[in-house]
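Dear colleague,

I am passing on the structure we spoke about, so that you can follow it on your own screen.

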Amino acid sequence: MNQDGTPLEDNRACQNVAVLGATGSIGTATIDVLTQLNRIDPDFRWHVSAASGHKNTRLLAELASGLAEAPDRIVLSDNENAESLGADENQLRALGSQLEFGPEALISAASDKSVDVVVAAIVGRAGLESTMAAVEAGKRVALANKETLVVAGPVVSQACEKSGAELLPVDSEHSAIFQCIQAAASKPKKLILTASGGPFRNWTREQMVTATPESALAHPTWQMGPKITIDSATMINKALEVIEARWLFGLPADAIEVVVHPQSIIHSMVEFEDSSVIAQLSPPDMRLPIQYALTYPRRLPCPCPDFDRTKPWDLTLEPADPERFPALRLGFEVAEAGGTAGAVLNAANEAAVGLFLAGKIRFTDIVLGCHDVLKNHAHEADPPLDRLLELDRWARRELKKRFGLS
Ligand code: NAD
Ligand code: MG
């Protein structure tokens with residue numbers, strides 16, 4: 001971004017894109033978007049210069065083999081060396097890409113001089129170091145990994161200011177808000193985040209106590225990775241998004257609202273000084289916000305389908321219910337508190353989701369556990385990154401202790 005906030009002029013005929021978390025739901029959608037962009041305009045090349053995967057080396061090999069041009073580097077973040085690749089080694093070697101291993105390789109791929117855009121699509125706190133590296137290297141960062149902002153929002157904002165990095169939201173709500181602000185060319189007064197309500201939108205608390213991982217993983221409108229799908233069922237996802245919005249758009253927690261919109265077509269809204277509200281609408285397909293983060297400020301044809309306007313359609317809005325979804329309260333409290341609160345909430349939640357998926361705690365324990373760990377932590381207002389990462393480890397241990405597990 002230029003110093004006056006206008007986007008950089010893009011005169012290059014090729015953009016090198018590092019897709020971190022290429023094997024995930026956002027990662028594979030990104031590869032699809034890039035493939036289609038290359039079809040639209042053959043004179044402008046989108047090159048996947050780096051792609052990373054964690055455990056699914058087979059899928060990474062298949063994705064890389066399907067590209068018109070192999071990535072320059074392939075990062076296998078959970079492997080230490082080529083010997084551990086087993087049967088997938090040959091397919092990966094045949095690509096001719098440089099193979100790199102371990103979490104350090106993610107940092108090096110994110111900050112590589114030749115990279116123009118980093119798609120930060122690793123799930124959870126595990127994406128923090130590589131996202132920070134991309135920010136510090138002054139890249140355009142298409143940010144799906146909301147957890148980095150939840151853990152370290154102010155640290156990331158300061159690093160962006162220093163390096164001139166462009167942080168463009170991929171999260172559909174934040175992309176919508178970004179688009180509304182662009183469209184209005186005015187300062188926002190209120191950000192209104194929409195939430196689908198997840199699979200338990202109409203469930204009572206009593207019903208939720210017995211919710212199984214299988215029922216919590218059955219999201220009604222979005223196909224996503226398992227962690228964010230559970231976060232959507234507890235509505236911790238919306239809590240994380242309130243905190244994400246607070247740092248992305250620099251508005252205080254009391255200027256952010258959440259409304260439930262089960263159809264997931266209105267992706268969010270912005271209210272301006274004159275009380276006019278602008279919304280962004282599109283079908284629930286992440287390829288659109290991913291593409292906008294890549295091509296901004298240009299709008300290009302996108303592979304996501306139009307919604308069917310030949311039939312009657314309902315767009316409903318209902319108030320969010322913090323009694324049944326106490327995660328929402330936590331989100332606003334943490335967004336207001338800032339400091340160490342986001343790192344503690346995020347870590348407690350990641351640990352709790354893991355335990356729930358492993359059948360060790362109940363669904364409703366996830367948010368109860370997060371609440372208790374947050375309550376037990378001594379808040380610090382202006383922590384450096386090292387301290388946040390220390391508290392991340394502490395909160396994971398505390399969460400397990402809370403349920404008598406280690
Ligand atoms: P996913 O589980 O489908 O994919 C996660 C990716 O991260 C995979 O490539 C995996 O290999 C990699 N990964 C996992 N653990 C890792 C580790 N320890 N180190 C390095 N890499 C690791 O997740 P997703 O649904 O694609 O979500 C990715 C991010 O995007 C999350 O932060 C999520 O909140 C955000 N997001 C996702 C969606 C969506 O529709 N899926 C929407 C908005 C935001
Ligand atoms: Mg979202």
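**What was found**

The structure holds zero disulfides, and since this is a predicted model, please read everything below as computed from that model. A disulfide is a covalent bond between the sulfur atoms of two cysteines. If you look at C302, you will find that its closest cysteine sulfur belongs to C304 and lies 4.1 Å away, which is too far for a bond because a disulfide needs the two sulfur atoms within 2.5 Å. C302 is partly exposed, with a relative accessible area of 23%, while C160 is buried, its relative accessible area being 12%.

**Ligand 1**

Which residues come nearest to ligand 1? There are 24 residues around this ligand, and those that come nearest are T23, S25, I26, E147 and G225. When the residues of this shell are divided by type, twelve are nonpolar, nine are polar and three are charged.

A backbone N or O atom of G225 is 2.9 Å from an oxygen atom of ligand 1, and for H54 the distance between a polar backbone atom and an oxygen atom of the ligand is 3.0 Å. On its own, ligand 1 has 830 Å² of accessible area, and the protein covers 86% of this.

**The magnesium ion**

Which residues are the protein donors of the magnesium ion, ligand 2? They are D171 (OD), E173 (OE) and E241 (OE), and they lie 2.1 to 2.3 Å from the ion. Along the sequence these donor residues follow the spacing D-x1-E-x67-E. E173 lies in helix α7 (residues 172-184) and E241 in helix α11 (residues 236-249), so this pair ties together parts that are 68 residues apart in sequence.

Note on methods:
Residues are numbered from 1 along each chain as its sequence is written. Chains are lettered from A and ligands numbered from 1 in the order in which they are written. This is a predicted model: local features need pLDDT of at least 70, side-chain atom pairs count only at pLDDT 80 or more; totals for chains, interfaces and linings use all residues. Side-chain values use heavy atoms; hydrogens and water are left out. Buried means under 20% relative accessible area, exposed over 50%, partly exposed in between (1.4 Å probe, protein chains only). A residue is near a molecule or strand if one of its heavy atoms lies within 4 Å of it. A polar contact is a pair of N or O atoms within 3.5 Å; within protein, one must be able to donate a hydrogen and the other to accept it, and residues adjacent in sequence count only if both atoms are side-chain atoms. Accessible areas come from the Shrake-Rupley method with a 1.4 Å probe; for residues, only the protein chains shown count as cover. Ala, Val, Leu, Ile, Met, Phe, Trp, Tyr, Cys and Pro count as nonpolar, Asp, Glu, Lys and Arg as charged, and the others, Gly among them, as polar. Donors are N, O and S atoms within 2.8 Å of the metal (3.2 Å for Na, K and Ca); water is not among the atoms, so sites may look incomplete. Helices (H or I, at least four residues) and strands (E, at least two) are DSSP runs, numbered from the N terminus.
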